[in-house]
Amino acid sequence: MSVFASPRFLPNVMWADAASCAATGALQVAFTGAIARLTGLPAPLLLGTGVFLLAYAAAAAFMASRRTPPRTLIGLVVVGNFGWAVACIALLMSGMFAISALGMVWVLAQALCVVVLAELQWTGLRRTRGGTNMALA
């Protein structure tokens, strides 16, 4: 059996998504001022997205913990993750803020992470479509 078709693949990817969002959100909330100074990103943006990431991490953990992963919700997560990546790139391209090199790395790392997670989530959804291990939410 392919690792992608494993009944644990999609929940494991959701756990990874939850963990990465919890870590990033906690850093952004706990060290908003320091990260703002180092990255050139506005503190309100860091704080707001940090709080959002913490809430999202709780939702992703909930989805990961279900006996039957909620496919419809995870499909929305895929769209949201791709949207987050687009927003990251748009932020960098907008020129609205004097973002430092470290700030570019911070934002690009988030974009890369969510694209990888979205692709893994999408692969998990496709590989388990119609399987007995997954049902629609």
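The model is a predicted one. On the α1 side the contact is made by L10, M14 and D17, and on the α4 side by I74, V77 and N81. Sorted by class, the residues of this contact are 4 nonpolar, 1 polar and 1 charged.

These two helices belong to a chain that holds 5 helices and 0 strands. Read along the sequence, the pattern is α-α-α-α-α. The C-alpha trace spans about 50 × 25 × 20 Å along its principal axes.

Helix α1 also packs against helix α3. Here α1 runs over residues 9-30 and α3 over residues 43-65, and the angle between them is about 155 degrees, with the axes 7 Å apart. Angles over 145 degrees count as roughly antiparallel, so α1 is roughly antiparallel to α3. The crossing of α1 past α3 is left-handed. The contact of α1 with α3 has 19 nonpolar residues, along with 6 polar and 1 charged.

Helix α3 has a further partner in helix α2. The axes of α2 and α3 come within 9 Å and cross at roughly 125 degrees. That angle makes α2 oblique to α3. The crossing of this pair is right-handed. From α2, the residues T32, I35, A36 and T39 take part in the contact, and from α3 the residues A43, L46 and L47. The contact of α2 with α3 divides into 5 nonpolar and 2 polar residues, with no charged ones.

The structure holds 2 aromatic pairs. One of them is formed by F52 and Y56, whose ring centres are 6.4 Å apart and whose planes stand at 20 degrees, so the pair is stacked. The cut-off behind that word is an angle of under 30 degrees between the planes. Both F52 and Y56 lie in helix α3, 4 residues apart, which is about one turn of the helix.

The mean pLDDT of the chain is 91, and 91% of the residues reach 70 or more. Which helix has the lowest confidence, and which the highest? The lowest is helix α5, residues 101-128, at a mean of 94, while the highest is helix α2, residues 32-39, at 98. Over residues 132-137, pLDDT stays under 50. For residues 132-137 the model has 19 contacts beyond four places in sequence.

Note on methods. Residues are numbered from 1 along each chain as its sequence is written. This is a predicted model: local features need pLDDT of at least 70, side-chain atom pairs count only at pLDDT 80 or more; totals for chains, interfaces and linings use all residues. Side-chain values use heavy atoms; hydrogens and water are left out. Axes are lines fitted to C-alpha atoms, for helices over the stretch in contact, and angles run from 0 to 180 degrees between N-to-C directions. Angles under 35 degrees count as roughly parallel, over 145 as roughly antiparallel, 65 to 115 as roughly perpendicular and the rest as oblique. A crossing is left-handed if the near helix is turned anticlockwise from the far one by less than a right angle, and right-handed if clockwise. Ala, Val, Leu, Ile, Met, Phe, Trp, Tyr, Cys and Pro count as nonpolar, Asp, Glu, Lys and Arg as charged, and the others, Gly among them, as polar. pLDDT is the predictor's confidence in each residue, from 0 to 100. Contact means heavy atoms within 4.5 Å. Rings of Phe, Tyr and Trp (its six-membered ring) pair if their centres lie within 6.5 Å; planes under 30 degrees apart count as stacked, over 60 as edge-to-face and the rest as tilted.
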